[in-house]
Amino acid sequence: MKFAFFDAKPYDRESFAIYEEQGKIEFKFFETKLTEDTVGLSKGFDGVCVFVNDVVNANVIDKLREYGVRMIALRCAGYNNVDVRHCFGKLHVFRVPAYSPYSVAEHAAALLLTSVRRIHKAYNRTKDYNFSLVGLTGFDLHGKTVGVVGTGKIGRIFIDICRGFGMNVIAYDKFPDETSGINYVDLDELYEKSDIISFHCPLLEDTYHMLGAREIEKLKKGVVIINTSRGALIDAQALLDGIKARKIGAACLDVYEEESDIFFEDFSGHIMDDEVIARLISMPNVIVTSHQAFLTKEALENIARTTVENIFEFSEKGFCQNELCYRCGKIEDCKNQRAKKCF
Ligand code: NAI
């Protein structure tokens with residue numbers, strides 16, 4: 001089988017190399033993202049392997065189908081960049097539902113600690129032999145209230161980490177697990193009571209800009225916002241305004257709503273056209289990482305293994321347990337449809 005592998009980075013090639021060596025699958029690595037302009041590269045391949053910022057909209061899906069591609073192997077958990085509904089009856093879509101929820105939860109915690117203890121500032125100062133402490137005053141996490149939005153695999157690990165710090169955890173989830181011992185509140189209450197808010201829910205129609213100007217008004221002054229989930233959960237312009245108004249105390253962002261043209265690439269030496277991200281990065285109380293939360297050795301190994309297993313499971317059995325099919329209405333769990341083969 002031949003797969004066109006888009007947005008390929010050196011660490012991807014390394015983690016997938018072992019499967020190529022086994023000779024059962026051939027990957028052609030393309031540095032470019034999959035877009036309407038680059039979809040032609042997928043001619044003659046059985047499938048495409050894509051990541052979070054590849055564009056898999058209706059036009060791309062129709063072209064892939066025309067070129068004889070049958071499978072889209074997502075090497076990530078989130079699938080907001082794929083028009084899953086349009087894929088139905090045309091292309092089979094698989095994802096990697098979990099590869100290391102620890103990697104993302106631990107990155108959220110790393111960002112939080114870095115921000116509240118001003119480690120990013122201290123690191124730069126001591127590199128320059130500046131040992132002044134002025135302006136580096138942080139605050140204790142112990143006793144603070146953290147609001148966790150989305151209590152799935154990643155959210156729960158983040159909750160455990162926060163509990164380890166002696167924080168008071170409240171959470172919001174559209175589908176709360178009442179047996180979990182998590183203290184659920186409604187979203188407004190979470191926004192009003194939290195000293196720190198961390199987002200761990202998927203980007204869907206009803207979560208788009210779930211933190212916007214109106215919600216920011218409700219927040220505690222000085223609140224720390226962490227987003228390691230998907231950029232468009234937060235209205236970035238409203239966030240920037242909230243920081244400028246001194247309402248938001250700090251923001252830790254691993255994702256950004258307009259990240260697809262920026263993240264994963266080296267723009268040092270270029271003029272940044274995106275005014276919002278440029279202004280956010282200029283703030284002393286904003287930390288931006290470039291969709292890096294997943295990037296651990298363990299996660300990369302798991303991503304490669306599950307992606308390849310998905311492809312082989314589908315090829316051998318005609319269905320794949322990690323197939324995304326909108327028809328069941330429960331995209332997360334469509335076992336019945338799978339067993340009967342989705343289409
Ligand atoms: P999960 O599926 O285990 O959990 C998601 C949770 O969100 C579930 O409990 C679900 O009930 C809840 N949810 C669904 N709709 C909601 C809504 N409208 N409001 C509030 N909660 C809602 O997913 P997991 O593995 O915990 O991942 C969470 C998100 O993290 C993913 O959707 C993905 O966008 C992001 N992610 C980011 C990565 C990064 O590198 N920055 C890597 C992997 C995932």
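Q: What counts as a cavity, and which residues line the largest cavity in this predicted model?
A: A cavity is a set of grid points where a 1.4 Å probe fits but cannot get out, and its lining residues have an atom within 4 Å of a point. In this predicted model, a search of the whole structure finds four cavities of 30 Å³ or more, and about 50 Å³ of space lies in the largest cavity. The lining of that largest cavity consists of Asn-227, Gly-231, Ile-234, Ala-236, Leu-239, Leu-253, Val-255, Tyr-256 and Leu-280.

Q: How many nonpolar, polar and charged residues are in the lining of the largest cavity?
A: Tyr counts as nonpolar and Gly as polar, and the lining includes Tyr-256 and Gly-231. By class, the lining holds no charged residues, two polar residues and seven nonpolar residues.

Q: Where on helix 10 do its buried residues fall, on one face or around the axis?
A: Helix 10 covers residues 275-282, and its buried residues are Val-276, Ile-277 and Leu-280. Seen down the axis of helix 10, these residues fall within an arc of 95°, so they line one face of the helix.

Q: Which elements do the buried residues of helix 10 pack against?
A: Among the buried residues of helix 10 is Leu-280, and Leu-280 also belongs to the lining of the largest cavity. The buried residues of the helix pack against helix 9 (236-244), strand 10 (248-253) and strand 11 (286-288).

Q: Which backbone nitrogen does a side-chain oxygen of Asp-274 reach at the start of helix 10?
A: Val-276 is one of the buried residues of helix 10. At the start of this helix, a side-chain oxygen of Asp-274 comes to within 3.0 Å of a backbone nitrogen, that of Val-276.

Q: What distance separates the C-alpha atoms of Phe-94 and Asn-310?
A: Phe-94 is found in strand 5 (residues 92-94) and is buried, with a relative accessible area of 0%. Leaving aside neighbours within four places in sequence, the contacts of Phe-94 include Met-71, Leu-74, Phe-314 and Asn-310. Although Phe-94 and Asn-310 are 216 residues apart along the chain, the separation of their C-alpha atoms is 6.6 Å.

Methods:
Residues numbered from 1 in each chain as written. Predicted model: local features only at pLDDT ≥ 70, side-chain atom pairs only at ≥ 80, totals over all residues. Heavy atoms only, no water. 1 Å grid on protein atoms, 1.4 Å probe; cavity = no way out; pocket = protein on both sides within 12 Å on 5 of 7 lines; lining within 4 Å. Points joined across faces, edges and corners; volume = space filled by probe spheres on them. Buried < 20%, exposed > 50% of the residue type's maximum accessible area, 1.4 Å probe, protein only. Helix = DSSP H or I, 4+ residues; strand = E, 2+ residues; numbered from the N terminus. Arc of directions from axis to C-beta. Contact = heavy atoms within 4.5 Å. Polar contact = N/O pair within 3.5 Å; in protein donor to acceptor, adjacent residues only side chain to side chain.
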